[in-house]
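Biologist: I'm new to this one and would like to learn how to read it feature by feature. Could you walk me through it?

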Amino acid sequence: MRATCVYIEHVLSPQKRRVESIVPGMSITDLNPAWDMPYIAVLNGKPVLRKDWDLVIKDGQVLAFVDVRAIPQSSGGGGKNPMRTIAMLAVMVAAPKAAVALVGMTSLAGTAATVATSVLTAGFMIGGTTLVNALLPAPTQQLSNLKQQEMASPSPTYNLQAQGNRARIDAAIPEHFGRHIVWPDLAAIPYQEYQGNEQYLYQLMCIGRGEYDIEQIKIEDTPIGNFEEIEYEVIPPHGELTLFPGNVITATEVSGQDMPYNEYIGPFVASATGTEANFIGVDFVAPRGLYEVQPNGNLRSVSIQVRTEIREIDDEGDPLGNWTIAGEHTFSAATATPRRYSRQYTVTPGRYEVRVRRDSAKETGTTFAHDMNWASLRAYLQDTDDYGDCTLIAFKMKASSQLSQQASRRVNLIATRKLPTWTDSDWTAPQATRSLAWALAYICKQVGWQDNRIDLDTLAGLDVSLSARGDYFDARFDNFITAWEALQRAAQAARTKPFIQAGFVRFHRVQPQSTPVAMFGPRNIRKGSFSIEYLMPTQDTADMVDVNYFDKDVWAYRTVTSKLPASEALKPSKMELFGVIERAQAFREGMYQVAANKYQRKIVRLETEMEGFIPSYGDLIGISHDLPAWGQNGDVVGWDSEGLKMTVSEPLEWKEGETHYVAFRKTDGSMAGPYKVAGTGDYVEPGYVESGYTFSTDGITEAFLGEVPDYEPRTDLTDGERTQYYFGWGQTLYQEAVVLGAMPLGGDGNMVRIEAVNEDENVHIAETGETVPSINASQLPAFTVSPIVRGIQLRSKPGDPGIIMASWEPSPWSDWYLIEESTDGETWSRVGETGANSWTGPATYGNATILRLAPIGSVTGGRGAWTLAYYSDSSDLMWHPDDETLMWDLDDETLMWT
């Protein structure tokens, strides 16, 4: 691991920050940037005096050079800690760069580099409201590339403003898993026709790839069965659309042009270059009806003759023949109701242009309604007989007072994806399932992974265990995402992580493990390589989590809070669970995260030989070491199989009144035991051990097992190494840990570095015995008793640091705001009032100015609480409260504060 050096010329100018990876052994002086302005050096969060700049940087340390103008100054007793701020800035800049450096390391487990990145970030960023989880970091907001996709093509599923049916050009065909609401995308351009003066809308929509069990179809919130005007047809994968022609283009050039007598309208091209039409369709509309008013007031029938002519053209638009009459029509009626007529013409497959003409004179008298418009032009293209591996749904909707144009684009349905499931040796036919396991398998197979490269046995077990818990994966990927990102996001729904090992796609779910797969102690840990990093909580560490999930009852985002019983719940963190629609499941995942945040804060690192290749990511191992007093360790040098007596290489230390245990390390690295043992003075008879005796002496090297072990220790060196033992009382036999990564070291390749986090059963039982918080069923928006101001930002006016530019997040229950300033936090002066969420005014006390805001809300009962902000944190220049005292001498190296 290399050290890191961060150069921060100004905290408010990120482009002036520079991060470099350095070789340990260089001194601070060697890295000195020699800036012209005053600056200081901060090593691992602590400032270093210039006289100590010959200090050598060690492995893993973070050094930062910081321009003093970037240091927020304390003012008015605000309690600011400039050094702490610098340390956090250095860490925030250094962590991403340092993490990237780890990615290049070769990893046995395939994800060790990724895991190491998570650990490093967790080790740095433990403050604020960040949840620490080295094994499975809490899911946050959508990945950055997903946000970019969302901007280009908003999700009709998860973006409430985008919900509806529309054509998302060049967007992804959705991949749907489990049971979920669907707002299907338009698979073809909708078109309209008239039948018997009734208008019909034809819409073809795509539910997604694969097969589905459709539970219900609605128009907004109303079941489709309530609309007699709607016919629909579900087209399964590779099925045929029979309800109407699916590939129809409506020419935008025709839009209701009036048809004068004996004049052609057009020609207009019916379809785009490269297309071939089988039929041409035209619509004519008499907008005022057709009639003549007779003297007695009755309506007499009148007629209009129209002609449609077509001509075939090539892709360049040049004619391939002469104009031909496609149809001549006479429309007659005696009604004041608008009349609509659709006509279709069969044509030889090709590309056509169309023109129309009115062949009867127009009666213009006031007693006549004799107008005719060319309403639309359509080309019915040669349709495909196979829409591929997608399920579509077709709708034929008749316009009526019950079905509006807007409602016709609010079609939604509940569907459950059908997927094959694995049964020991083969796949079943697709069946409706909400299982995460088979969603993960499907994603793997879509990118070409064969069955023998997917850990199907683990997935089968995962399916059984998650089904028993009621944990499911219900989601839609309706924007582009890589297969690996999809695997990661899906697996997070049930605290599972995918990784690649030796060419196999494997999966690990965080759950209790009974037996370590490998044991490590001083006998097989390289000397000097063992270390423990304690991720110490601070007063700002998160102690609760607000879990954001997509709730199945309302098909919208809801939040459930998870906290430990003894938690004060003062520092919330936020996480987003993609693919979770069950409130109870979201609560359980939140409980796991807050428990891991509290109980798993010891990162153990060690180096070992070939046995380091035994554990994989997520495996449970046992660690015994005298440094933290994790058990006792040595070799078995003698074994009496009849008396069950073992003789060991190191004196055993006993604790009075405790039950003692021993475990053996097998030749394959796994553990045998543990078994109860007793010392020499407590021996009653072979095979019998009881706790609670007073032991004869400490330091004995013999002990008796209370049962016949299922593994016989090896005691001589002729066949290899002696069997190692692990000894202790109660839970002190060894420290259980979960492997985060195993990385081969350089050289001969026989050494492995293992990184692990301590195991704690509280992580797995935190979700039990807790009551899931109830849902607020009220439709009224929630609000606080008095308004609150959040997100205050203070900036200097460009070129004039004597002017403050303040802004803050709008408070939804505020009518206006009070603004006051102080220099000591006790005596305040009113400087402004505003109804906006911004204000510009004087910095009355210069850089020592403290500003506070209070929202005023007439609905919520008056003034809300004051919120403070310090101008010193963000002003362009730094002043001392005493204008005559400079912040530093003319000698740049001599600072004026201590």
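This is a predicted model: local features need pLDDT of at least 70, side-chain atom pairs count only at pLDDT 80 or more; totals for chains, interfaces and linings use all residues.

Biologist: Which strands does β38 pair with, and over how many bridges?

Modeller: Strand β34, residues 531-534, pairs with β38 in the antiparallel sense over 4 bridges. There, Ser531 stands opposite Arg605 of β38. Strand β47, residues 752-758, also pairs antiparallel with β38, over 6 bridges. In that pairing Val604 faces Ala756 of β47.

Biologist: And what should I know about side chains in a strand?

Modeller: The general idea is that in a regular strand they alternate between the two faces of the sheet.

Biologist: Which strands make the closed barrel?

Modeller: There are 6 of them, in the order β40-β41-β44-β43-β42-β45, and the pairing is antiparallel. Neighbouring strands of this sheet are turned by 45° against each other on average, direction ignored. For a detail, look at strand β42 (residues 660-665) and strand β43 (residues 671-678), which run antiparallel and are joined by 5 bridges. Val662 stands opposite Tyr675 of β43.

Biologist: Now helices. How do I describe two that pack together?

Modeller: Two packed helices are described by the angle between their axes and by how far apart those axes are. Here, α4 (residues 436-446) and α6 (residues 483-491) pack at about 175°, with axes 10 Å apart. Angles over 145 degrees count as roughly antiparallel, and therefore that is the label for α4 and α6.

Biologist: Which residues make the contact between α4 and α6?

Modeller: From α4 they are Leu436, Leu440, Ile443 and Cys444, and from α6 they are Ala483, Ala486, Leu487, Ala490 and Ala491. That contact divides into 9 nonpolar residues, no polar and no charged ones.

Biologist: What is the general idea behind a nonpolar core?

Modeller: In soluble globular proteins, nonpolar side chains tend to be buried together. In this model the largest nonpolar core has 51 residues, and those with the most contacts inside it are Phe177, Trp438, Leu440, Leu459, Phe473 and Phe507. Several elements supply at least two residues each, including α5 (456-469), β32 (504-509) and α7 (583-599). Helix α4 gives the most, with 9 residues. Leu440 touches Leu459, Leu462, Leu487, Ala490, Ala491 and Phe507, leaving aside residues up to four places away in sequence. A second, separate core has 30 residues, among them Met259, Val302, Ile304 and Leu381.

Biologist: What should I look for in the backbone?

Modeller: Most residues other than glycine have a negative phi, and most peptide bonds are trans. Look for departures from that. A cis peptide bond joins Gly266 and Pro267, with omega about 10°, and Pro267 lies in strand β16. Another cis bond runs from Gly673 to Pro674, with omega near 5°; Pro674 is in strand β43.

Biologist: Which phi does Asn197 have, positive or negative?

Modeller: Positive, about 65°. Asn197 sits in the loop between β9 and β10 and counts as buried, at 14% relative accessibility. Arg495 has a positive phi too, about 40°. Its place is the loop between α6 and β31, and at 3% relative accessibility Arg495 is also buried.

Conventions:
Residues are numbered from 1 along each chain as its sequence is written. Side-chain values use heavy atoms; hydrogens and water are left out. Two strands pair if DSSP finds at least two bridges between them. Axes are lines fitted to C-alpha atoms, for helices over the stretch in contact, and angles run from 0 to 180 degrees between N-to-C directions. Angles under 35 degrees count as roughly parallel, over 145 as roughly antiparallel, 65 to 115 as roughly perpendicular and the rest as oblique. Contact means heavy atoms within 4.5 Å. Ala, Val, Leu, Ile, Met, Phe, Trp, Tyr, Cys and Pro count as nonpolar, Asp, Glu, Lys and Arg as charged, and the others, Gly among them, as polar. A nonpolar core is a set of buried Ala, Val, Leu, Ile, Met, Phe, Trp, Tyr and Cys residues joined through side-chain atoms within 4.5 Å. Buried means under 20% relative accessible area, exposed over 50%, partly exposed in between (1.4 Å probe, protein chains only).
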